[in-house]
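Visitor: I'm new to this one. Could you take me in for a close look at the place where the ligand sits?

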Amino acid sequence: MSQKQVIVEQFGGPENLLVQDTEIPTPGEGEVLVRLTSIGMNHADLLARKGFYKIASGEPPFTPGIEGGGIIDKVGSGVTSVTEGARVVVTPDAPRAGAGGYGGTYRQYYCVPESKVLVAPDQVPDNMLGALWLPYLTAWGCLIWKHGIKEGDIIAIPAASSSVALAAAQIAKKHGCKTIGLTTSQDKIEKLKALGAAYDHIVLTHEKDENGNRTMLPWHKEMRQLTESKGVNVFFDPVASGQYLSTEIKCLAQFGVVYVYGLLGAPDTVDVTPLIRKFASITGWVLGELMFAGEKVWREGCQHILDGFADGSYKQHIDAEYKLEDVQNAHIEMHKGKHIGKLVLIP
Ligand SMILES: NC(=O)c1ccc[n+]([C@@H]2O[C@H](COP(=O)([O-])OP(=O)(O)OC[C@H]3O[C@@H](n4cnc5c(N)ncnc54)[C@H](OP(=O)(O)O)[C@@H]3O)[C@@H](O)[C@H]2O)c1
């Protein structure tokens, strides 16, 4: 029996994502075969395709994809924790190239040891099973595990329409914080409000001219007003470019922190002067730090997230679904950045 599997035979553009027929594996002792119903797409997949994320991809040929979830199709001998038909999420440490990893998830069937799946609550629909960890664990790891946000803190969240930002806002609200989303797109403000995104306020940071060129607005003024001049306790930022980062520093409260977890903006000169008098700091964040902290820690985060979905405090927004066969187009659309929330592949 064969399955569809995406294979990158050489680094490059979306045309290098080839959908091939491969054999469906048979689960061995202690293993489970998951029929994937959802594969979360991430910027890391685009980077991997281009050859800029070899830590996950390794060298070609490889299968991209760092998230997945679905239904247990078969169990090998000796499996005790799950049965056929269980709805599961693949653990975040499984989809890696190299030793201890089980390869990328862009495929129909995924075979892993039973310890590499977690049973999902009924509240997570099938098309979302593979789209939880990157948004929610990235935000939980930084805001809760690393920083320890407190009730009443003001958390500012750039790239407000991104899947990680939407998750961060829900996590911050659940912990009693005030949330301010920052977006570069005027038209996304109404859409985010209509979706019920967990922002108390949304601030527009840029305006576009008729040619589509973006200019930054003096958005620190609105931030001063919204924070009643107290400033922001935590920026959770994937943009981190010169003028943008300088404005964030200007908006920080005493002892405030800017966590940089992505580099969507172009590197440029940054004015760090206010950090000194504010006893403030800029620090990097990557989900890998949570994974590095050990299984007990990241499993705690996974459980918190599954519980949040079960009790309804966390809700994910899927912007678009693409068939696995349509993977090239899905990468092209993700690159355009017009979506709100998560894009998923449906095998
Ligand atoms: N460190 C980690 O562990 C980790 C984990 C997951 C993701 N990430 C990174 O986090 C970022 C977001 O990931 P995602 O999957 O949530 O992305 P996404 O859903 O595709 O969101 C991208 C959004 O970022 C904003 N944006 C893009 N370019 C920008 C710029 N130059 N200046 C300001 N805003 C810009 C836009 O939002 P608006 O239109 O709302 O402005 C855009 O829609 C990526 O860079 C990704 O690599 C890091």
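Guide: Here is a walk around the ligand, starting with the parts on either side. Keep in mind that this is a predicted model. The protein is split into two domains: domain 1 covers 2–132 plus 317–346, and domain 2 covers 134–288. Where they touch, domain 1 puts in 10 residues and domain 2 puts in 11. On the domain 1 side of that contact you'll find 4 nonpolar, 4 polar and 2 charged residues.

Now for the ligand itself. Domain 1 and domain 2 each give residues to the shell around the ligand, so the ligand lies between them. That shell has 24 residues, and the closest are Ala159, Ser161, Ser162, Thr184 and Gly262. By class, the shell comes out as 12 polar, 11 nonpolar and 1 charged.

While you're here, have a look at helix H7, residues 242–251. Its buried residues are Tyr244, Leu245, Thr247, Glu248, Ile249 and Cys251. What covers the buried residues of H7 includes strands S8 (154–157), S12 (214–216), S13 (232–237) and S14 (252–260). Helices are part of that cover too, including H6 (220–226) and H8 (273–278).

Notes
Residues are numbered from 1 along each chain as its sequence is written. This is a predicted model: local features need pLDDT of at least 70, side-chain atom pairs count only at pLDDT 80 or more; totals for chains, interfaces and linings use all residues. Domain bounds come from an automatic or database domain assignment. Two residues are in contact if their C-beta atoms, placed from the backbone, lie within 7 Å. Ala, Val, Leu, Ile, Met, Phe, Trp, Tyr, Cys and Pro count as nonpolar, Asp, Glu, Lys and Arg as charged, and the others, Gly among them, as polar. A residue is near a molecule or strand if its C-beta atom, placed from the backbone, lies within 6 Å of it. A residue is buried if 20 or more other C-beta atoms lie within 10 Å of its own, exposed if 12 or fewer, and partly exposed in between; C-beta atoms are placed from the backbone. Helices (H or I, at least four residues) and strands (E, at least two) are DSSP runs, numbered from the N terminus.
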